[in-house]
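Student: Let us go through this structure term by term. I will ask what each label rests on.

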Amino acid sequence: MLRIAIPNKGSLSGPAMAMLHEAGYQQRKESKELVLVDPGNQVEFFYLRPKDIAIYVSSGKLDIGITGEDLLIDSGVGAEVILPLGFARSTFRFAAKPGTVSAVADLAGKTIATSYEGIVAKHLAEQGVDAAIVHLDGAVETAIELGVAQVIADVVETGTSLRNAGLEVFGDPIMKSEAAVIRRTGADADDPKVQQFLRRLQGVLVARSYVMMDYDCRVEHLEKAVALTPGLESPTISPLHHEGWVAVRSMVAAKEAQRIMDDLYDLGARAILTTAIHACRL
Ligand SMILES: Nc1ncnc2c1ncn2[C@@H]1O[C@H](COP(=O)(O)OP(=O)(O)OP(=O)(O)O)[C@@H](O)[C@H]1O
Ligand SMILES: O=P(O)(O)OC[C@H]1O[C@H](OP(=O)(O)OP(=O)(O)O)[C@H](O)[C@@H]1O
Ligand SMILES: [Mg+2]
C-alpha cells in the first residue's frame, strides 16, 4: 500500500483533499481522523501537520507527501519535489515599517521574526548578513508593532496582511512556493504505485486547465483552424454529411478558450462548443 502524508490543517489542507477527491481517492470525513485507509485504491493517508510532512517523508516511513515547497526548504531535510500542484502559491519576503529597513544589507544586527527560521537562516548565510532570528508560530506581522522584531520574513500572497499591519516588502523575494508532491531524495523514481498516483494528480491538473473544443469548419479553412487548435497530439477531424465541411475536436487551454472561439468564428467556423474535462490520463 502507498503511504501518503496529507496536511491536516491550514491553507494546504482543503485544496489538497479536494484534489485527491477529484483524483478518485477517499478522504477523511472528520477533521479528527488521523489515518484513512482506502483499500480500493491501495493507499493509506496520514493527516499530519504541514510543517512535519517533509520530516516523515525524508525518514522513508511514508512514501510521498503533499506540502508547500517553502515548508520543504525550511525543514532542510532530504526530500524533493516530484510534482508541483499549482495551489497555495505564495512568495516569501522580508517586510518592515516604511522608512526603517529597505535592503537586505541593512539587516545586520537587526532582529527578524518568522515562522520559517530555516529559510531565513539559509538566506542570511548566503547573503553573508549577521542578524538575529526570533521564531513565532503565526501572525508574524504583529511582531514589529509589539517591538519583538524590526523586520519580519513571511508568506505573502495578496499582500493584504502586510498592508493591514502597515508594513512594506523590501528586497527580492526570498523564494516562490506552491503546493507539491514530495518524496525522499534518492527514492525509487520508477515505483509503479507512485507513478500511478502522480498520473492521477496530473489528470486532475489537466482536467482543471484544459477544455474540449468542438467545431465545424469548411475544408478550405481547416489548416488555419487547426493551427489555432493544435491539441496535445493532433486534433480529430471527422467528415460531415454536408459536403465540404468537417468537424474538429481538440483540447485547448481553458484560459485561451474564449479568444480561440472568437478567432475560429472569424475564420468561418460554426457550432463552436467547449465542454469540461472531468478526468484524463495523458
Ligand atoms: N495566504 C496564503 N496564500 C497562499 N499560500 C499560503 C498562504 N498562507 C500560507 N500559504 C502556504 O501554505 C503553506 C503553509 O501552510 P500552514 O498550514 O503551515 O500555514 P497556514 O496556511 O498559514 O496555516 P496556519 O493557520 O496553521 O498558520 C505554505 O506552503 C505557505 O506558502
Ligand atoms: O498576503 P496575504 O494574502 O495577506 O497572505 C499572507 C498571509 O497568510 C498567511 O497567514 P495566515 O492567515 O495563515 O495566518 P498566520 O500568520 O497565523 O499563519 C501568511 O502567514 C500571511 O500572514
Ligand atoms: Mg499561516
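Tutor: Start with ligand 2, which 13 residues surround. The closest are Gly138, Glu157, Thr158, Thr160 and Ser161. The elements giving two or more residues to this shell are β9 (151-156) and α6 (160-164). β9 gives the largest share, 3 residues. The model is predicted: local features need pLDDT of at least 70, side-chain atom pairs count only at pLDDT 80 or more, and totals for chains, interfaces and linings use all residues. Residues are numbered from 1 along each chain as its sequence is written, while chains are lettered from A and ligands numbered from 1 in the order in which they are written.

Student: What makes a residue near a molecule?

Tutor: Its C-beta atom, placed from the backbone, must lie within 6 Å of the molecule.

Student: Why is Gly268 called partly exposed?

Tutor: Gly268 has 13 other C-beta atoms within 10 Å. Buried needs 20 or more, exposed 12 or fewer, and partly exposed is in between, so that label applies.

Student: What is Gly268 in contact with, leaving aside its neighbours within four places in sequence?

Tutor: Cys217, Arg218 and His221. Contact means C-beta atoms, placed from the backbone, within 7 Å. Gly268 and Cys217 are 51 residues apart in sequence, yet 6.6 Å apart in space, C-alpha to C-alpha.

How values were computed:
Helix = DSSP H or I, 4+ residues; strand = E, 2+ residues; numbered from the N terminus. Contact = placed C-beta atoms within 7 Å.
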